Amino acid sequence: MNTKEQIEKIKNDLEAKTQNLDNMKDLNDLRVEFLGKKGVVTNLSSIMKELPLEEKKDFGKTLNELRNYVEETLTTLKEEIETRELNKRLEKESVDVTLPGTKLNVGSIHPITKIINEVEDLFISMGYDVEEGPEVENDLYNFEMLNLPAGHPARDAQDSFYINEEMLLRSQTSPVQVRTMLKNKEKSPIRIICPGKVYRKDNDDATHSHEFHQIEGLVVDRNISMNHLKGTLEILAKSLFGENKEVRFRPSFFPFTEPSVEVDLTCFKCGGKGCNICKGTGWIEVLGAGMVHPNVLKGCGYDPKIYTGFAFGVGVERIAMLKYEISDIREFYTNNMKFLEQFNVYEGGDTNESK
Ligand code: PHE
């Protein structure tokens, strides 16, 4: 075989061997076979020595061309295989973005927290701030400055846990009203809600607990009227219990509001016809409220001739019990998984979704 034939054979060989080659390993083997130290192309160059001088130049050129040809063929093939493998992988790994996500069991949001979150979201959307106050409160803020001086009979209703003569576990979130007004030196309009725990000496039963949650609301500004209170509570009622709910005010008494009202809501169960939930009345009592008492305003440095305000206090457990039809308040505190799992949530999902 002369060199020309040898080169032709190598080319044919290469063509035959690359025909069905479809993976990188075989391709690398082929590269070694042709271009490696003992490869066919390299072997061919060893005959160079034996050639007469005038043929050497031509042969060298041809050999170079051959090397380039093999190199190019293998590189093209390499790119083809890589593209093919990538496409195969992409096909296999393609993501169907329309598939529902994996449901992660991330536990539950406690129903009390759910109500607080809901109410916070609503009031924040109306421009309110969320305030906090200490659970260990002084008598001055919890009673005295709320127009309940020592010896006032209304203190009995909230007979409380005293730490010492002056300090007690707050019996209501109303002291946050006082704290907020006192710290607002420039008397800018106040719009706050304050969720938190409160404590009262109560005999625990299905509807009473010595520790529970309230959400306090307070608005103080010029020209605030009872209309604002009613409108605001209507929005709250509809947001918690759905549209077509009406709010009814009944006269009541709180030392720190005047006039004071007990607020009823159209029964969410029967829509006002009367049922076992509303005890046949069509109304459910949901919270206490009123116009901030002039004595409270005065005590906090507000001139009641210039400023007026409204306040309300919602019992969170009561709202949750009504909304989720929970019959025993103790369910909230016993960490019963069966109870809590009913409020199971998925990350980013509807907080109301069950497992
Ligand atoms: N603090 C009152 C209670 O605990 C509720 C309330 C708050 C009433 C604000 C009127 C205004 O019963």
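Guide: What follows is a set of questions and answers about this predicted model.

Visitor: How far apart do the C-alpha centres of domain 1 and domain 2 lie?

Guide: The domain assignment of the chain gives two stretches, with domain 1 covering 3-92 and domain 2 covering 111-353. When the C-alpha centres of these two domains are compared, the distance between them is 85 Å.

Visitor: Are α2 and α4 roughly parallel or roughly antiparallel to each other?

Guide: Two packed helices are described by the angle between their axes and the distance between the axes. For helix α2 (residues 24-35) and helix α4 (residues 53-92), the axes are 10 Å apart and the angle is about 175 degrees. Angles over 145 degrees count as roughly antiparallel, and therefore α2 and α4 are roughly antiparallel.

Visitor: Which residues of α2 make the contact with α4?

Guide: On the α4 side the contact includes R67, V70, E71 and L74, as well as I81 and E85. By class, the contact of α2 with α4 has nine nonpolar, one polar and six charged residues. On the α2 side, the residues that make this contact are M24, L27, L30, R31, F34 and L35.

Visitor: How are α5 and α10 placed to each other, roughly parallel or roughly perpendicular?

Guide: The axes of helix α5 (residues 111-125) and α10 come within 9 Å, and they cross at roughly 100 degrees. In this contact I112, I115, I116 and E118 of α5 meet V316, E317, I319, A320 and K323 of α10, and the residues divide into six nonpolar, no polar and three charged. Angles of 65 to 115 degrees count as roughly perpendicular, so α5 and α10 are roughly perpendicular.

Visitor: Which element gives the most to the lining of the largest pocket?

Guide: The largest pocket has a volume of about 1400 Å³, and it is lined by 50 residues, with E262, E285, V286, G315 and R318 lying nearest its centre. By class, this lining has 22 nonpolar, 16 polar and 12 charged residues. Among the elements that each supply at least two residues are β5 (211-221), β7 (257-266), β8 (283-292) and α10 (316-323). The element that gives the most to the lining of the largest pocket, with seven residues, is β8.

Visitor: What is the volume of the largest cavity, and which element gives the most to its lining?

Guide: The structure holds one cavity of 30 Å³ or more, and the volume of the largest cavity is about 80 Å³. Of the 13 residues that line this cavity, the closest to its centre are L233, L236, A237, V286 and L287, and by class the lining has 12 nonpolar, no polar and one charged residues. At least two residues of the lining come from each of α8 (226-241), β7 and β8.

Visitor: Is the peptide bond from E258 to P259 cis or trans?

Guide: Most residues other than glycine have a negative phi, and most peptide bonds are trans. P259 lies in strand β7, and the bond from E258 to P259 has an omega near -5 degrees, which makes this peptide bond cis.

Visitor: What is the phi of K187 near?

Guide: K187 is found in the loop between α7 (175-183) and β4 (190-199). K187 is a residue other than glycine with a positive phi, and the value is near 55 degrees.

Conventions: Residues numbered from 1 in each chain as written. Predicted model: local features only at pLDDT ≥ 70, side-chain atom pairs only at ≥ 80, totals over all residues. Heavy atoms only, no water. Domains from an automatic or database assignment. 1 Å grid on protein atoms, 1.4 Å probe; cavity = no way out; pocket = protein on both sides within 12 Å on 5 of 7 lines; lining within 4 Å. Points joined across faces, edges and corners; volume = space filled by probe spheres on them. Helix = DSSP H or I, 4+ residues; strand = E, 2+ residues; numbered from the N terminus. Nonpolar A, V, L, I, M, F, W, Y, C, P; charged D, E, K, R; others polar. Axes fitted to C-alpha atoms, helices over the stretch in contact; angles between N-to-C directions. Parallel < 35°, antiparallel > 145°, perpendicular 65-115°, else oblique. Contact = heavy atoms within 4.5 Å.
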